[in-house]
Amino acid sequence: NDKYKKKTMLTQIKAAKCIGTQAVLVTVETDIDHGIGIHLVGLADAAVKESLLRTVTAMETLGFRVPGKKIVINLAPADLRKNGSGYDLPIAIGIMASSGKYQFSGAEEYLMMGELGLDGSVRPIEGALPFVELAAEIGMRGVILPAESALEAAEITEIPVYGITLLSEALSILQGVDCRHLLAGELSARLPARGGTRPEENTVDFSDIIGQEGAKRAVEIAAAGGHNLIMIGAPGSGKSSLAKAMAGILPPMTREESLETSRIYSVAGLRKGCSGLVRQRPFRSPHYSASMAAIIGGGAGDNIVPGEVTLADNGVLFLDEMPQMPKSVLESLRGPIEDRKVTISRLKNKVDFPSSFTLVAAANPCPCGYYGEGDRCRCTAAQRTAYLAKLSGPIMDRIDLQVWMHPVPTEAVARRLKAESSREVALRVRAARLRQAERFREEGISTNAEMSNRQSERHCRLDDECRRTLEDIMRRTGMSLRAWFRIIKVARTIADLEGEERIRPGHILEAAGYRLLDRGKI
């Protein structure tokens with residue numbers, strides 16, 4: 001019967017969802033038929049279901065009258081939970097296309113995401129960069145995102161990325177209007193740049209730090225080889241300043257590192273309005289009272305977000321007052337430090353996040369902080385033992401460089417000598433990193449600290465004299481087998497800083513000298 005003949009068609013609009021730092025395709029299917037009501041199916045959470053009223057109001061603001069029929073919206077695949085407000089835009093376009101009132105040119109060939117305001121504005125969403133990478137990988141015609149989110153992909157040239165501020169601009173793109181002025185590259189050139197992950201003014205220059213030459217040397221080695229470092233000393237000895245100074249000597253990131261870090265910050269929603277990729281290595285400094293979920297990552301159900309160990313990927317994670325952190329949080333760092341990734345498991349979901357960071361920790365030697373500084377300490381032996389017990393065991397075994405720092409004498413300030421600047425130190429660090437990049441170009445790693453035991457045997461061959469030196473050190477100190485390999489890796493970095501092709505006995509001795517806790521000097 002022609003009376004009941006269907007006048008509309010099924011439309012399919014492409015959207016996406018992030019799982020970890022990777023995006024997966026979500027298809028928004030829309031069908032309008034005889035009946036009443038708007039029905040949203042496809043395992044959508046409360047935020048997605050609430051979007052219907054918001055989306056309908058935004059469309060009516062543009063003068064679009066929602067058909068008084070049954071509208072069925074399916075988010076496929078149906079067994080994948082959808083969360084967030086980013087599905088507003090594809091749902092709105094799907095309803096408009098299914099109504100037959102708009103003629104779109106290849107709307108199904110675009111991937112689009114965005115939150116709608118009641119006035120028809122489009123607000124930013126998380127995960128823009130993975131969405132663009134997914135669209136380029138599967139051969140989409142283009143990507144339509146909120147303008148602030150599209151800026152994250154300004155350096156992606158494989159696919160056109162449009163940044164919109166109004167729903168009407170999305171309609172213009174789909175109707176074939178020339179909208180080159182909305183491309184992410186054009187928007188990036190017109191809009192003022194916003195800051196990255198670490199403002200330069202927060203870094204400390206090496207020349208501003210008085211004394212502490214031994215600790216400066218340890219920081220340089222840590223930066224050159226990606227080694228973990230802990231500084232133990234009284235308050236005011238310069239531990240935090242040296243950690244901040246380390247951020248200024250780290251080498252520039254490669255494009256692969258920039259993409260990985262940018263992807264993480266995009267998923268975490270920390271790059272909104274920032275143009276292009278992350279160029280500065282992250283420097284994360286969480287408070288010692290941070291929870292395990294904040295440090296490792298977590299979240300309810302499928303909404304798992306990265307923690308500080310992932311946000312510090314390819315950069316520095318600085319833990320000040322490390323013994324004050326809960327023991328459960330400290331122990332949870334074992335896996336990320338060793339495996340350079342973190343796995344977060346839930347009942348029906350498991351997500352892997354990268355966490356290849358350099359750990360820099362600072363600690364007082366006792367509760368009052370003045371143990372080892374003459375007779376200033378008022379702590380009992382039992383208090384010191386209980387306090388330092390948090391710094392022993394498997395976690396400390398994974399820290400390559402352990403340094404004791406004493407406060408700088410007052411007279412040293414008056415006769416301070418000119419010290420090396422961060423720029424001079426950074427040149428040596430960069431040269432050492434270039435040697436490592438050449439060494440590991442076929443290995444899939446970039447620093448000495450990332451070497452496996454087998455790789456260290458291949459790239460850090462010891463002559464008879466070096467081996468005898470190391471065996472003697474291990475016999476006298478009783479260090480673990482893990483310490484053996486970590487000493488070799490640090491020695492390899494020291495040799496790289498000096499431009500040496502082979503590891504010398506002096507390099508072994510210096511590297512072993514940084515195993516402070518293993519030698520029982522605290």
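Visitor: What makes H20 stand out in the lining of the largest pocket?

Guide: H20 gives the largest share of that lining, five residues. The model is a predicted one, in which local features need pLDDT of at least 70 and side-chain atom pairs pLDDT 80 or more, while totals for chains, interfaces and linings use all residues. Residues are numbered from 1 along each chain as its sequence is written, and side-chain values use heavy atoms, without hydrogens and water.

Visitor: Which residues lie nearest the centre of the largest pocket?

Guide: They are Arg 340, Ser 356, Thr 447, Ala 449 and Glu 450, out of 35 lining residues. Helices H9 (255-267), H13 (334-339) and H20 (481-497) are the elements that each give two or more residues to this lining.

Visitor: How do you know whether Cys 366 is in a disulfide or in none?

Guide: A disulfide requires two cysteine sulfur atoms within 2.5 Å. The search of the whole structure finds zero disulfides. For Cys 366, the nearest cysteine sulfur, in Cys 368, is 3.5 Å away, and Cys 366 is in no disulfide.

Visitor: Why is Cys 366 called buried?

Guide: Its relative accessible area is 0%, and buried means under 20% (exposed is over 50%, partly exposed in between, with a 1.4 Å probe and protein chains only). Cys 366 is therefore buried. Cys 460, at 4%, is buried as well.

Note on methods. 1 Å grid on protein atoms, 1.4 Å probe; cavity = no way out; pocket = protein on both sides within 12 Å on 5 of 7 lines; lining within 4 Å. Helix = DSSP H or I, 4+ residues; strand = E, 2+ residues; numbered from the N terminus.
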